[in-house]
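Have the sequence and the 3D view ready.

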Amino acid sequence: MNYPFLQGNKAEIEQMTAVLRDLSKCETGKRLIDEAIEHQTTICFDGAMRAYGSYDEVKNVLRLNPSSSKDRLVATAAHELRHAEQFQKGILLDALLDTPKSYLQNQAVIEADASTTATLACYELAMKGNAKPLETLREKDPHIVNPFQNAAVQGGLENGEAQRAAFKGWFTDYSTRDCYDSLYLKMYEQRLRNASYAEQDKSLLREVPVEQTVAAVCSMSDGKPYLSEKETKEFFSDPDRSTVSYSSFEKTYMYLFRRFRLDYSLEAEGNMKKFGLTMRPSSSYMPRSVVPEPLPLPTSVEARQAAAAEKIAAARASSVAARNKKLILNRER
Ligand SMILES: [Zn+2]
């Protein structure tokens, strides 16, 4: 497997090639890579980034953090490749133009879907005998991986039950959501600084229904949706899905206040309700969501073969070591 659009020095290209080779060993990984080749997505390392990875839809560049472990890089590559795929499907997401509620919800959808897809790819790799990317993913995202796995081992892969469980799991971790809320503020300010007057006139007005984004991106490998319109409506009608983090609430309110010259007599919370948003309690004061214990992974034929091959290799290595030792002992004698 040689990815034609890698950027970097020889060592970096070798490292990225190894990551993509691992990822391509599962069906989802291979499909994501093939699509990225088709769309000529550049992949490179970026040592200056703080995140695990990113995808720039304007430049069509996928960046990976080279300080991650190889197994983390496999999972991150799957996540970011899914973002690349999402943007090829033509989703609408603009921090300047969209209403805060639209942007926050649609951003959450693409993040939850990218994490779901990364989990799916890592689960498929585990079924092929390489469980390390899945375990690496589980360290940070047990609230996504465990619900996925528990549905998957009970036959929930084909009907989308596992994907749905992972998608919904994403929303249970408030610290992740808080990070994306502050990322929104950053994106908005960045866009505003470079916006023309015409764009400023249109700012914070565009409504992009969350159902539209879900319909565009939340699909399984066969193209079937894993969240129906009805399920989407139900899920997003929960008040929790229309919240802004404690730390981003005031700033979001300020944008709206300045833009629409809001009523002074109403408090922030009253005004924000008109825009469909309420404040989420600070994640540091929230009890951590209960993450289910994972059911054991099924041992597929491939996983068993891989485990057997590993045992044989280990046995061979130890017998070679023993033989060498004997040789040394013989020689010493
Ligand atoms: Zn992402």
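## How the two helices cross

Helix α8 passes α12 in a left-handed crossing; left-handed means the near helix is turned anticlockwise from the far one by less than a right angle, and clockwise would be right-handed. Their axes come within 9 Å and cross at roughly 30°. That makes α8 roughly parallel to α12, since angles under 35 degrees count as roughly parallel. The axes here are lines fitted to C-alpha atoms over the stretch in contact, with angles from 0 to 180 degrees between N-to-C directions.

On the α8 side, the contact is made by Asp 178, Asp 181, Ser 182, Leu 185 and Tyr 188. On the α12 side, Ser 247, Ser 248, Lys 251, Thr 252 and Tyr 255 take part. Two residues are in contact if their C-beta atoms, placed from the backbone, lie within 7 Å.

## Where this comes from

This is a predicted model: local features need pLDDT of at least 70, side-chain atom pairs count only at pLDDT 80 or more, and totals for chains, interfaces and linings use all residues. Residues are numbered from 1 along each chain as its sequence is written.

## The buried side of α12

Which residues of α12 are buried? They are Ser 248, Phe 249, Thr 252, Tyr 253 and Leu 256. Buried means 20 or more other C-beta atoms within 10 Å of a residue's own, with C-beta atoms placed from the backbone. These buried residues pack against α8 and α4, among others.

Just after α12, Arg 261 takes a positive phi of about 45°.

Note on methods:
Buried ≥ 20, exposed ≤ 12 C-beta atoms within 10 Å, placed from the backbone. Helix = DSSP H or I, 4+ residues; strand = E, 2+ residues; numbered from the N terminus. Parallel < 35°, antiparallel > 145°, perpendicular 65-115°, else oblique.
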